[in-house]
Amino acid sequence: MTDLPTRSLDLKAVLSGSSPTAAKDDHSEGMSYLQSVPRRLVTLYLPLSIIVIILLFPFYWMGLTAIKPDEQLLDLDKYNPFWTWNPTFKHIYKLLFESYYPYWLWNTMYVAVCATILSIIASVLAAYAIVRLRYKGANLVGGLIFLAYLVPPSILFIPLATVVFQYGLFDSPMALILTYPTILIPFSTWLLMGYFKTIPFELEECALIDGASRWQILIKIVLPLAIPGLISAFIFCFTLCWNEFIYALTFLQSTHNKTVPVAIVNEFVDGDIYRWGSLMAGALAGSLPLVILYAFFVEHYVSAMTGAVKE
Amino acid sequence: MAEIALTPRPPKTEIREASAWDQLKHNRNWLGFWFMVPALVFLVFFLAYPLGLGIWLSFTDTRIGRVGQYVGTENYEWLWDDAIFWLSVFNTLLYTFVASAIKFGIGLYLALLLNENMPFKAMLRALVLIPFIVPTVLSALAFWWIFDSQFSIISWSLKQMGLITQNINFLGDTTWARICVIFANIWRGVPFVAITLLAGLQTVQPSLYEAATLDGATRWQMFRHITYPLLTPIIAVVMTFSVLFTFTDFQLIWAMTRGGPVNSTHLMATLSYQRAIIGGQLGEGAAISSAMIPFLLAAIMVSWFGLQRRKWQQGENND
């Protein structure tokens, strides 16, 4: 079976659905006309809608809880829990003006942007060197970087905590800015290696003959051509930073230094029975920036996700 | 014109001998080394060194704020007799196997569904990925609220349907707590599996299905003999990643149960956090994390051979 013809992964097609298959050339529905409508209803639309509803329900519930008045939250018998006719912004107001939430949001953003930029710079240089300079042992280093990608934070956080303490970085954003790249660099190097390989090296040969240095080639030829890859790497790294929990939980202590995920888990969970509204508002506000970013760059996001697996 | 032609041309710059510096500037190994420096600094100081340090710490009795003495394998001997540690190993294996198997099943099914032609295809695909984008901790909090013991929407709905009379104590009962965390993990992992497998599915030539249809193949036969064999390499890689991340999961458990009730959802990662950071026993915690390494190595081996096989299938030089 191994010699069946395969087409290369077309990442744009994954999301846009406009796959350049033969089906598009003649009639757009492919072979689906072979199935009757009732059959498609049962085998396709029904299971698909169940799965999609389950996947999205927690977000609906998060949003609904964030705008429900307190008495409706806890009295499930008098009010229909699935809807509310009198939304309130009390929880969101409390979140933004009576807590450290804006600080936490800022911390998360600051750490994520700094760590991502550092990692991208390091990864661009490393990926270019591995793919194009092909120094002695480049393949070995590439393999080691892939292995580094597989080392999970949950076995590193204990020794890293002692290292962070030794370097005097404990409880400062620098602790996260310097440790997050260990998660990001292996991933983005691997991703960018894939992109750099697709750039024809005849272009680089021309530039070399014209007397360009490697540095000029990288800045003026390779990087402009690899912009989609850079965006993918940037967005995915940013998301990973925003999502990171265990390092932030271990290395940060003071309330105003925390990042959103850690702060919500630790600071909002008190004995208050009415906490749910602000807790869910906090979770929603912490997710929205990523979802908005994702909405603008869906294709890049998917190519980053599948790119890491592809190589 | 004449004046211009007569003015002496500026002397040509002489061609110098290539100095040692010039040769060095074009030496691949030398350049490559400098290009690698930033990445290597991070990876050596914050990844390789801590990895070694973690193994060393597991042989000491270090506590927070006190440098430890070498104590040999005492931490491991201690763990060997520790029922809670073995419970956490059991939980981790259960969590990983059950969640990964179901994620694979549903993920593959969802990928096949999304690969069909239908209206709003692009939008559906984008929506499906959202659980993967949202920070795990924040969606875990939503699940915490959905699985609340008193105000759970699931208990309420089941009661309205007349299926149960009492609220289900989702996160307070050991079996239910395990089911709930596994469910939340599946919920978060399915989009990743589905979208990556979908990318793999789109590389399959439609003409193969057309030929099979003409030969009278059923839909199951088409899946079994065309789709599945062509997807195997990508399945191997995706599932290795999935297993690896499930095995070392921390944040979902920490946000939902913190290992409770009675340690029934403690994974090795959460137990090591509890012992090392909350309990202060860095040595013991490091021993628990080091005990995860053999399992991870096994997963990496699988991944490696999966990749090799993929290379072999597609031909060696597919750069």
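Predicted model: local features only at pLDDT ≥ 70, side-chain atom pairs only at ≥ 80, totals over all residues.
**Confidence in chain A**

The mean pLDDT of chain A is 82, and 86% of its residues score at least 70. Among the elements of chain A, helix H6 (residues 101–133) has the highest mean pLDDT, 93, while helix H2 (residues 22–26) has the lowest, 41.

| Stretch of chain A with pLDDT under 50 | Contacts beyond four places in sequence |
|---|---|
| residues 1–7 | 10 contacts |
| residues 17–28 | 15 contacts |

**Contact between the chains**

Chain A brings 96 residues to the contact and chain B brings 89 residues. On the side of chain A that touches chain B, helix H3 (residues 37–67) of chain A gives the most, with 12 residues. Sorted by class, this side of chain A holds 67 nonpolar, 22 polar and 7 charged residues.

**Helix H16 of chain A**

Helix H16 (residues 275–296) of chain A consists of 22 residues. From first C-alpha to last it reaches 33 Å, close to the 32 Å expected at 1.5 Å a residue. The helix has a kink of about 30 degrees at A:Leu288, shortly before the proline A:Pro289.

**Nonpolar core**

The largest nonpolar core has 165 residues. Which residues have the most contacts inside this core? They are A:Tyr128 and A:Met280 from chain A, and B:Leu141, B:Ala194, B:Leu197 and B:Met256 from chain B. Leaving aside residues up to four places away in sequence, B:Leu141 touches A:Ile264, A:Leu279, A:Ala283 and B:Ala255.

Definitions and conventions. Residues numbered from 1 in each chain as written. Chains lettered and ligands numbered in written order. Contact = placed C-beta atoms within 7 Å. Helix = DSSP H or I, 4+ residues; strand = E, 2+ residues; numbered from the N terminus. Nonpolar A, V, L, I, M, F, W, Y, C, P; charged D, E, K, R; others polar. Expected span 1.5 Å × (residues − 1). Bend = angle between axes of the 7 residues up to and from the residue. pLDDT = per-residue confidence, 0-100. Core = buried A, V, L, I, M, F, W, Y, C linked by C-beta atoms within 7 Å. Buried ≥ 20, exposed ≤ 12 C-beta atoms within 10 Å, placed from the backbone.
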